[in-house]
Amino acid sequence: MNTAVEMIKQLRNETGARAMECRKALDQSNQNYEEARAYLREKAAQAAEKREDRETLEGRIELYTHNHGRIGVMVEINTETEFASRSEVLRQFAHEITLQIAAAAPLYVRDEDIPQQVLDEQRLAAVEKARKAGKTEGIIEQIVTGVLEKYKSLHVLLRQAYIRDENIPVAQLISQAISRIGENIVIRRFIHWEICTEREGE
């Protein structure tokens, strides 16, 4: 990217910020693209946090099939207004989320959706493995924390690395969409189907 115009265009694509905001971020960072991008992403996250308590009763259902219909995804995404739910910004965002789910196959939307029993099982397995390896109790607790964090990063949609840019989590993608649309956006739920190649009893 050799010109300010090119950097502004790329920043808009990557952060969802308006052109004026991108220009301002570049000016503040002395035309340092990485610093400007980090600033805009942080600003988007802060804006999203301020809106997270707003009620979202509108929205859209997005459907997607992949691999000649062998994988299917349905996701419900909620917004504050019907106008936002029908916008091109939300349509594009919803499509990206279905692609993410189809490719990465998360099990939950957010951390709170994970059943406590699942976390307990993950913890128990990690403790037993660490003890068999002769680890001390202090080290075991660190290992367990790492195992649980890894499990969440793999199976929680909002924690997963975005398939088009592994440097950002899906949660940051939501912040960018909120910045563009100017309303709170919530991924309510999703379903992921995949054709089973084996039948029970076979």
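This is a predicted model: local features need pLDDT of at least 70, side-chain atom pairs count only at pLDDT 80 or more; totals for chains, interfaces and linings use all residues.
Contact, as the word is used here, means heavy atoms within 4.5 Å. Helix 5 (residues 88–104) lies across strand 1, strand 2 and strand 5, and it runs at about 140 degrees to strand 2. We will come back to that helix once the overall plan is clear.

The protein chain holds eight helices and five strands. Followed along the sequence, these elements come in the pattern α-α-α-β-β-α-α-α-α-β-β-α-β. Along its principal axes, the C-alpha trace spans about 55 × 45 × 35 Å. The domain assignment divides the chain into domain 1 (4–50), domain 2 (58–110 + 156–194) and domain 3 (115–154). Notice that domain 2 is written as two stretches, 58–110 and 156–194, and that domain 3 covers 115–154.

A pair of packed helices is described by the angle between their axes and the distance between the axes. For helix 1 and helix 2, the angle is about 120 degrees and the axes are 9 Å apart. An angle over 145 degrees would count as roughly antiparallel and one from 65 to 115 as roughly perpendicular; helix 1 and helix 2 are therefore oblique to each other. Helix 1 passes helix 2 in a right-handed crossing. On the helix 1 side, the contact is made by Ala4, Met7, Ile8, Leu11 and Arg12, and on the helix 2 side by Ala19, Cys22, Arg23 and Leu26. By class, the residues of this contact are seven nonpolar, no polar and two charged.

Three strands form an open sheet in the order 1-2-5, with antiparallel pairing. Its edges are strand 1 (58–66) and strand 5 (185–194), each of which pairs on one side only. On average, neighbouring strands of this sheet are turned by 15 degrees against each other, direction ignored. Strand 1 and strand 2 are paired over nine bridges in the antiparallel sense, with glycine 59 standing opposite asparagine 78 in strand 2. These two strands form a hairpin with four residues between them, and in the turn asparagine 67 has a positive phi of about 55 degrees. Strand 2 (residues 71–79) also pairs with strand 5, again antiparallel and over nine bridges. Here threonine 79 has isoleucine 185 of strand 5 as its bridge partner.

Strand 3 (residues 161–162) pairs with strand 4 (residues 165–169) in the antiparallel sense over two bridges. A hairpin of two residues joins strand 3 to strand 4, and tyrosine 162 stands opposite aspartate 165 in strand 4.

Back to helix 5, which has a helical partner as well. The axes of helix 5 and helix 8 (residues 170–181) come within 10 Å and cross at roughly 170 degrees. Helix 5 and helix 8 are therefore roughly antiparallel to each other. From helix 5, Val89, Leu90, Phe93, Glu96, Ile97 and Gln100 make the contact; from helix 8, the residues are Val170, Leu173, Ile174, Ala177, Arg180 and Ile181. Sorted by class, this contact has nine nonpolar residues, one polar and two charged.

Helix 6 passes helix 7 in a right-handed crossing. In helix 6, Val118, Leu119, Gln122, Arg123, Ala126, Val127, Ala130 and Arg131 take part. They meet Glu137, Ile140, Glu141, Ile143, Val144, Val147, Leu148, Tyr151 and Lys152 in helix 7. The classes here are eleven nonpolar, one polar and five charged residues.

Notes: Residues are numbered from 1 along each chain as its sequence is written. Side-chain values use heavy atoms; hydrogens and water are left out. Axes are lines fitted to C-alpha atoms, for helices over the stretch in contact, and angles run from 0 to 180 degrees between N-to-C directions. Angles under 35 degrees count as roughly parallel, over 145 as roughly antiparallel, 65 to 115 as roughly perpendicular and the rest as oblique. A crossing is left-handed if the near helix is turned anticlockwise from the far one by less than a right angle, and right-handed if clockwise. Ala, Val, Leu, Ile, Met, Phe, Trp, Tyr, Cys and Pro count as nonpolar, Asp, Glu, Lys and Arg as charged, and the others, Gly among them, as polar. Two strands pair if DSSP finds at least two bridges between them. Domain bounds come from an automatic or database domain assignment.
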